[in-house]
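Keep the structure open beside the text.

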Amino acid sequence: KNTHDIVTVADLESEKIIINAIKNAFPNHSILSEEKGEENNNSEYLWIIDPLDGTINFSRHIDEFCISIAVEFRWELILGLIYEPLKNNLYLAEKNKGAFLNDDRIHVSGENRVINSILATDNSSHIETREKNYTILSHICSNVRHVRILGSGALHLAKIASGNIDSYYKTKFNYWDYAAGTLLIEEAWWLVTDFDGNKINKTSIDIIASNSLLHTEITELVKRNKKRIKDLKMENG
């Protein structure tokens, strides 16, 4: 796609298989997919697809990649699915019915102290976003126990829903990366918002995911340092 991003044959073939299956079952539904874009059929249903999240990991034989599929009904997420094909891990959430890993119910961690928490963020093919993310991280990393960067936004959220990671933030993102994970986390009793506390949707410009015990403090840390970086840039012209 650009110097720091790629598309593999696997992205395109995976997308084709998923979209064909949806169209065969629900021909009138709308679809938003990473490679193909949006097909608006004026339906109350919208499928949001990332056919291969973690493409660079996949291309380098790093096993942190997945397929992410979500469904909206009247602009509300009702289904979220994240699948790790190499590990045969299926994360699944349905609105008001809980979150599951394979057939086991999953819940988020009960960590209530930021200093004991594991924080995650992500890389980006957009260098300005990458620099902003990591500059914020450099200012808040001493406030947490450790940091994880897996290379797949969807997997970060899946691991939050299953209690492996405590918080996640990113300053710019694509909806197909996070739609399924958003419902997973909500059904596992966590919060996913933008930096201002609004629910995530396809027009959101930033994201924070954490539990209700940590969300306010993590959000304030990220927002404070985002503003600090912006102010410094204005001072330096």
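The model is predicted. Its largest nonpolar core holds 37 residues, and among these Ile48 and Ile82 touch the most other members. H5 gives the most, with 8 residues.

Look at Ile48. Set aside residues up to four places away in sequence. Ile48 then touches Leu32, Ser68, Ile69, Ala70, Glu72, Leu77, Tyr175, Trp176 and Ala179. A second core stands separate; it has 13 residues, including Ile136, Tyr169, Phe195 and Leu214.

Now the sheet. Eight strands form an open sheet in the order S2-S1-S3-S4-S5-S6-S7-S8, and the pairing is mixed. Which strands stand at the edges? They are S2 (37-39) and S8 (104-105); each has a single partner strand, so one side of each lacks a neighbour in the sheet. At the S8 end, S7 (residues 99-101) joins S8 through 2 bridges, and the two run antiparallel. Phe100 has Arg105 as its bridge partner in S8.

Helix H1 (residues 9-25) touches S1 (30-33), S2, S3 and S4. The direction of H1 makes about 155° with that of S3. H5 also packs on the sheet, touching S1, S3, S4, S5, S6 and S7. The direction of H5 makes about 105° with that of S5.

H5 has a helix partner as well. Two packed helices are described by the angle between their axes and the distance between the axes. The axes of H4 and H5 come within 8 Å and cross at roughly 5°. The pair is therefore roughly parallel. On the H4 side, the residues that meet H5 are Gly153, Ala154, Leu157, Ala158, Ile160 and Ala161. On the H5 side, they are Asp177, Tyr178, Gly181, Thr182, Leu184 and Ile185.

S13 pairs with S11 (residues 167-170) in the antiparallel sense, through 4 bridges. S12 (residues 191-193) also pairs with S13, antiparallel over 3 bridges. Ala209 takes part in both pairings: it is the bridge partner of Tyr168 and of Val192.

Asn211 is in the loop between S13 and helix H6 (215-235). Is Asn211 buried or exposed? Its relative accessibility is 2%, so Asn211 counts as buried. The side chain of Asn211 reaches two backbone atoms: the oxygen of Ser109 at 3.4 Å and the nitrogen of Leu213 at 3.0 Å. Leave out its neighbours within four places in sequence, and Asn211 is in contact with Ser109, Gly110, Glu111, Asp166 and Trp190.

Conventions. Residues are numbered from 1 along each chain as its sequence is written. This is a predicted model: local features need pLDDT of at least 70, side-chain atom pairs count only at pLDDT 80 or more; totals for chains, interfaces and linings use all residues. Side-chain values use heavy atoms; hydrogens and water are left out. A nonpolar core is a set of buried Ala, Val, Leu, Ile, Met, Phe, Trp, Tyr and Cys residues joined through side-chain atoms within 4.5 Å. Buried means under 20% relative accessible area, exposed over 50%, partly exposed in between (1.4 Å probe, protein chains only). Contact means heavy atoms within 4.5 Å. A polar contact is a pair of N or O atoms within 3.5 Å; within protein, one must be able to donate a hydrogen and the other to accept it, and residues adjacent in sequence count only if both atoms are side-chain atoms. Two strands pair if DSSP finds at least two bridges between them. Axes are lines fitted to C-alpha atoms, for helices over the stretch in contact, and angles run from 0 to 180 degrees between N-to-C directions. Angles under 35 degrees count as roughly parallel, over 145 as roughly antiparallel, 65 to 115 as roughly perpendicular and the rest as oblique.
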